[in-house]
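Here is a short report to read beside the sequence and the 3D view. Please keep both open as you go.

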Amino acid sequence: MAKIYIEGGRRLEGEIRVHGAKNSALPVLAATLLCRGVSVIHNCPPLLDVGASIRILEHLGCICQREGSTVIVDSTALTGMDIPDTLMREMRSSIVFLGAIAARCGQARLSFPGGCELGPRPIDLHLAALRQLGLTIEEDHGLLDCRVEGRLRGTSIHLSIPSVGATENILLAASTARGRTVIHNAAREPEISDLADFLNRAGACIRGAGSDVIEIDGVYDLHGAEHTVIPDRIIAATYMAAAAATGGDLLLRDVEVSHLTAVLDSFRTAGCRIEPGLHTLRITAPRRPHSVGTVRTMAYPGFPTDAQPPMLAMSTLADGPSVFVENIFENRFKYVDELARMGARVKVEGRVAVVEGVPALSGATVSATDLRGGAALVVAGLAASGVTEIDELRHIDRGYADLEESLRQVGANIKRE
C-alpha cells in the first residue's frame with residue numbers, strides 16, 4: 001500500500017500551477033455522451049475519478065484517448081446503456097451519467113453511486129427531476145431501471161435545495177428534450193456554468209447558468225465540441241492553506257480568482273496578504289495564521305464545503321480559536337480524529353467544530369478518511385514537526401494530481417512510497 005511521508009516544518013515558497021477542476025471535468029465528460037461525434041476536452045486532470053469516468057464512457061461504447069491533459073471522446077456510436085455496479089461505486093458523482101444516458105438512449109440501468117462517505121447526498125432530487133422530464137424510474141434493490149417513450153419533455157422544475165448534481169443532471173437530460181425546461185433554485189457554482197458552456201458549444205441552447213434560474217430550450221441533437229475545463233478552485237484553496245500553515249509565500253498560476261471570493265476573505269482574516277492577478281494569485285502568510293473567526297460552509301457563492309478541511313487544518317496552528325459550521329455534509333468532520341493524533345485541539349459537536357490553535361503540531365501516522373480530509377492531513381503534515389505518514393491515498397488521488405511533485409517544487413520534503 002502506497003503512503004505519503006512528509007518531513008514538516010519547511011516554509012513553502014515558489015510557484016504552483018493549478019490543474020483543471022475535477023468537479024467540472026466529470027460532468028463535462030458525461031456530457032460527451034450526448035454528442036454524436038468527437039469531443040476534445042482540454043485541461044482534464046489525471047485523477048482517479050477522471051479515469052473512472054473514462055472507463056464508464058468506454059463501457060458504454062465510446063472511443064476514448066488521452067493525450068497529456070486532453071481527453072478525446074468519440075461517442076458517435078453507443079453500444080450500451082448500463083453502468084455496472086463496480087464502476088458506479090468508484091465515485092460519488094457517477095450518478096451524473098444518468099441524465100445523459102437516458103437522453104441519448106431512451107433508457108438507462110445503473111446502481112447507486114459510491115465514493116467518499118460524507119453522509120447522504122439527496123439523489124432523490126435527481127430522480128424526482130428526471131421523472132418530471134418524463135423518465136420512468138424503477139428502484140430495485142439498489143438498481144435504477146429507467147426508460148422513456150420517445151424523447152424527454154421539457155418542464156418547470158423547482159429544486160428544494162440548490163443541488164449541484166441535480167442541476168447537472170437536469171441540464172444534461174433537458175438539452176435534447178422536447179420544449180423548454182426551466183430550473184428554479186438552480187445551483188450557481190462555476191462548474192455549472194462550465195458544463196453549460198460545453199453543452200452550448202455542442203449545440204445546446206442554455207441561458208442563465210450561474211444564476212438561480214436556468215432556461216434550456218431542447219434541441220434535437222448535439223454534435224462534438226472542443227472545450228477547456230476551468231481551473232480547480234478547491235486545489236487553489238488547498239495550496240493557499242498549505243502556504244498559510246507554513247508561513248509561506250506562493251504564487252498560484254492558472255487560477256480563476258473570481259471563483260475564490262469567499263475563500264479569499266477567510267485567508268485575509270487569517271492575516272494573509274492576497275495579490276490577485278490575471279489568472280494568478282499570490283498569497284503571503286504571516287509566521288503564524290490568525291484566527292479565521294467563524295466559517296460557515298454554504299452553496300456558491302458562499303464558502304465551499306470542499307475547502308473547509310484544508311482551512312480547518314491550517315487553523316489548528318492559529319493564534320486564537322476558530323469555529324467551523326458545516327451546512328452541507330453531516331459527516332464532513334471525520335478527519336478531525338486524525339488531526340488529533342498530530343496534536344490538534346478540535347472539539348466537534350454535530351455540524352460545528354471549534355478549533356483551539358496550538359503552537360505546533362507533531363508528525364504522526366494518520367489515514368486519509370476521504371478526499372478533502374486527506375488534503376487536510378497533508379496541510380497539517382507540511383507544518384508539523386517531525387515526520388507525518390499518510391495512508392489510504394486512494395482518497396487523495398481522486399482529486400489531486402501530482403500533489404507531491406507540486407509541493408516539492410516549492411520546498412516541501414514530501415515523497416510517496
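## A helix pair

How do the axes of helix 8 and helix 12 cross, and within what distance do they come? This is a predicted model. Helix 8 covers residues 233-245 and helix 12 covers residues 371-383. Their axes come within 8 Å and cross at roughly 25°. Angles under 35 degrees count as roughly parallel, so helix 8 and helix 12 are roughly parallel to each other. The crossing of helix 8 past helix 12 is right-handed.

Both helices supply residues to the contact. From helix 8 come I234, T238, A241, A242 and A245. From helix 12 come R372, A375, V379, L382 and A383.

V229 sits in the loop that links strand 14 (226-228) to helix 8. Its relative accessible area is 2%. Buried means under 20%, so V229 is buried.

Which residues does V229 touch, leaving out those up to four places away in sequence? They are G20, A21, S24, A25, I41, H42, N43 and D194. V229 and D194 are 35 residues apart in sequence. Their C-alpha atoms are 7.1 Å apart in space.

Helix 4 spans residues 97-105 and is mostly covered. Seven of its nine residues are buried. These are F97, L98, G99, A100, I101, A102 and R104. G106 follows helix 4 and has a positive phi, near 80°.

F97 and L98 also belong to the largest nonpolar core, which has 75 residues. Along with I83, L171, L172 and L199, they touch the most other members. Beyond residues up to four places away in sequence, L98 touches A108, L110, L127, L130, L144, C146 and N169. A second, separate core has 73 residues. L317, L377, I396 and I414 are included in it.

## S291 in its loop

S291 lies in the loop between strand 17 (280-284) and strand 18 (294-296). Is S291 buried or exposed? Its relative accessible area is 19%. The cut-off for buried is under 20%, so S291 counts as buried.

The S291 side chain makes a polar contact with the side chain of S322, at 3.4 Å.

Methods: Residues numbered from 1 in each chain as written. Predicted model: local features only at pLDDT ≥ 70, side-chain atom pairs only at ≥ 80, totals over all residues. Heavy atoms only, no water. Helix = DSSP H or I, 4+ residues; strand = E, 2+ residues; numbered from the N terminus. Buried < 20%, exposed > 50% of the residue type's maximum accessible area, 1.4 Å probe, protein only. Polar contact = N/O pair within 3.5 Å; in protein donor to acceptor, adjacent residues only side chain to side chain. Core = buried A, V, L, I, M, F, W, Y, C linked by side-chain atoms within 4.5 Å. Contact = heavy atoms within 4.5 Å. Axes fitted to C-alpha atoms, helices over the stretch in contact; angles between N-to-C directions. Parallel < 35°, antiparallel > 145°, perpendicular 65-115°, else oblique. Left-handed = near helix turned anticlockwise from the far one by under 90°.
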